Amino acid sequence: MTTTIDSPFHARVAGLAEQLRGSDDWRAALRLRAAEAFEKTAFPTTKLEDWKYTNVSSIAKATFEADDRAIDDEALEPTAIPDLDAHRIVFVNGTYAPELSTSVGQAGITVASLAGAVEADLQSNLGTQAPPEQTPFVALNTALMNDGVAVHVAKDTKLDKPLHVVFVSAVGSTGVDSHPRALYVLDAGANATVIEDYVSVGGTAPSFTNPVSEAILADNAFLDHYRLLREGANVSHVSYLQGHLARGSNFTTNVLCAGGALVRNNVEVVLDDESCECTLNGLTIGHGTQHVDNQTRIVHAKPHCESYERYRAILDDESEGVFNGKIYVAKDAQKTDAEQANDALLLSRKATMNSKPELEIYADDVKCTHGATVGDLDESSRFYMRARGIDRQEADVMLTMAFAGEVLEHFACEPIRELAAAAIRTRLSDR
Amino acid sequence: MLEIKNLQASVEGAEILRGIDLTVNPGEIHAIMGPNGSGKSTLAQVLAGHEAYDVTGGTATFRGEDLLDMEAEARAHAGLFLAFQYPVEIAGVANSYFLKAALNSTRKARGEKEIDAVEFLKLVKEKAKLVNIDEKMINRSVNAGFSGGEKKRNEIFQMAVLEPKLAILDETDSGLDIDALQVVANGVNKLKAEDPERSFIVVTHYQRLLNYIVPDYVHVLSGGRIVKSGGKELALELEDKGYSWIEETVGA
Ligand SMILES: Nc1ncnc2c1ncn2[C@@H]1O[C@H](COP(=O)(O)OP(=O)(O)OP(=O)(O)O)[C@@H](O)[C@H]1O
Ligand SMILES: [Mg+2]
């Protein structure tokens, strides 16, 4: 058994480095750094503790092709989120599609395509939270980054509507890869809701989405972030989200995993000053042979911060769930309050869940709780409902919905709660 | 209404019901008494369609249909209601939502139109008053964190909303103080007055309930069989002499 994987990505990135050396694009230096970092690393294997349950060799070994096809509104229509009133920015296979996007004309708000003109403030922040040296996937994303979204919310400005950023994998007969990038910079007191929505249209060739997002919150800023994974069963997805919180800021990230083949989400949030609050909500609805791995790391660097983490998984068929929740409390971070819960509902005997909390605590006056459960639908509840006339199918929907509700009630955006509920209904009616 | 013949049932291979014969005509109230573990709840659960119990012999006909052949939900749709000895707590499902789903699936199965939110609210208010329950309870999760008495009252409340043809009350009186007991009895009696054709099977250990819900027949279940049947005076006699008296006289 080898410990490294030969990947066609290495040749691609090596070829790119040449090109970048002669480029005058503002991102060239960062991308070159990333290309060099990628050359020095290798894709993780299951020998690494953090990748024990998730084997990315299928991604590493595959050959993907960049694809610059265009799609129209009609193709996108089936992915619309009912009742969502939002600004919409669309990327197709990683490239900004202005004809599918709306413009945000609000004072104090900048929404830019990274491939276009980007203000200096945003430029200087790119790559600061998720440096390419961090992991091979971030290096790959950064090296291959051709486009993405950059958002700046000025001091004390509230984005009037959620920003719905749709990343479409438009798949033809060959597999495509895209490496979307998102950067959110919120000045002091700024407030925004951002929805990263990953969908796919077209063919079923195995494809790969490798997004990296950075969120930088200044004092008292507020960001409600969503990651909706609704890609087809042919798309593998490895994401990184890196959040940095300044004094009194409040960051929530909600992840709904309702699609994809192999999914691995990595979230790290650093609470870097006092009185910050961070919430990580996750709901996975898995079926078939889906593999959904959520890795989270919350760093309590300073005192008096709170973090809440709740991940739930509903797993059918032979789907596999993985959860790893790291909480790091620095020596300084007294009066930390950290709660973590991970619960899985197995709808099938062949579904599996691997859950692991990892608490690393160096302060002595903290409150850290964690708990994990795995179970199936409660037979006595189901009988009680049936005895009242509710049929088995509906009883299962209601019980599953109740299970999901414990997380969904913390999703502030109602259309997304509804979207998740509809996904559960569809899931259970397909059985 | 209900005709049970030689009903036998086992759970995990253990034989529990050993041949039950019982006929309940429209409008009748039957009380079933008997020592702990004699099979009273098993009978109730088998009739309601719990799949953990294997029916190994006999028949049960409910309003002309083969009850044992029906899914649990179909039995409810046909008008059978079981008030559970141990009502189940369902966190995250609101009582009102649960009841509305139950009522509507019953209506749908009967080819009636579904009840809308306004009508439902009206019905719920009316029935809540009937069984004297706090309307706040209706918006809480089904039985979650309810006291024993609240759970039992909630069963009666559900019964009042669902308006069954035959209700089986499995020890709904256990653990109730005298006020709550009267509420339960009132619920039953009002439902009976609404429709004199309604029938009830009341499983109880205590004759005190039977002061309020007056049975037409009293049966004693012991060792999975009905070992004695009689009128309401049998309950008094049992209270007086205990079950051992029956077991001795029938020589079981
Ligand atoms: N699911 C089950 N698994 C195993 N044994 C069971 C199960 N249900 C009932 N039994 C057994 O069957 C017998 C009859 O139980 P049942 O609950 O019907 O009695 P009961 O007459 O209702 O008693 P009580 O007055 O205490 O409520 C008991 O011995 C009980 O242990
Ligand atoms: Mg019992």
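The legends below describe close-up views of a predicted model. In this model, local features need pLDDT of at least 70 and side-chain atom pairs count only at pLDDT 80 or more, while totals for chains, interfaces and linings use all residues. Residues are numbered from 1 along each chain as its sequence is written, chains are lettered from A and ligands numbered from 1 in the order in which they are written, and side-chain values use heavy atoms, with hydrogens and water left out.

**View 1. The shell of residues around ligand 1.**

**View 2. Polar contacts of ligand 1, meaning pairs of N or O atoms within 3.5 Å.** An oxygen atom of ligand 1 lies 2.8 Å from a polar backbone atom of B:Ser41, and an oxygen atom of the ligand is 3.2 Å from a polar backbone atom of B:Ser38. A nitrogen atom of ligand 1 is 3.3 Å from an N or O atom in the side chain of B:Tyr53.

**View 3. A:His291 in strand E16 of chain A.** The strand spans residues 291-300, and A:His291 is buried, with a relative accessible area of 8% (buried means under 20%, with a 1.4 Å probe and protein chains only). Leaving aside residues up to four places away in sequence, A:His291 touches A:Tyr53, A:Thr54, A:Ala261, A:Leu262, A:Val263, A:Glu320 and A:Val322, where contact means heavy atoms within 4.5 Å.

Notes. Near = heavy atom within 4 Å. Polar contact = N/O pair within 3.5 Å; in protein donor to acceptor, adjacent residues only side chain to side chain. Helix = DSSP H or I, 4+ residues; strand = E, 2+ residues; numbered from the N terminus. Buried < 20%, exposed > 50% of the residue type's maximum accessible area, 1.4 Å probe, protein only.
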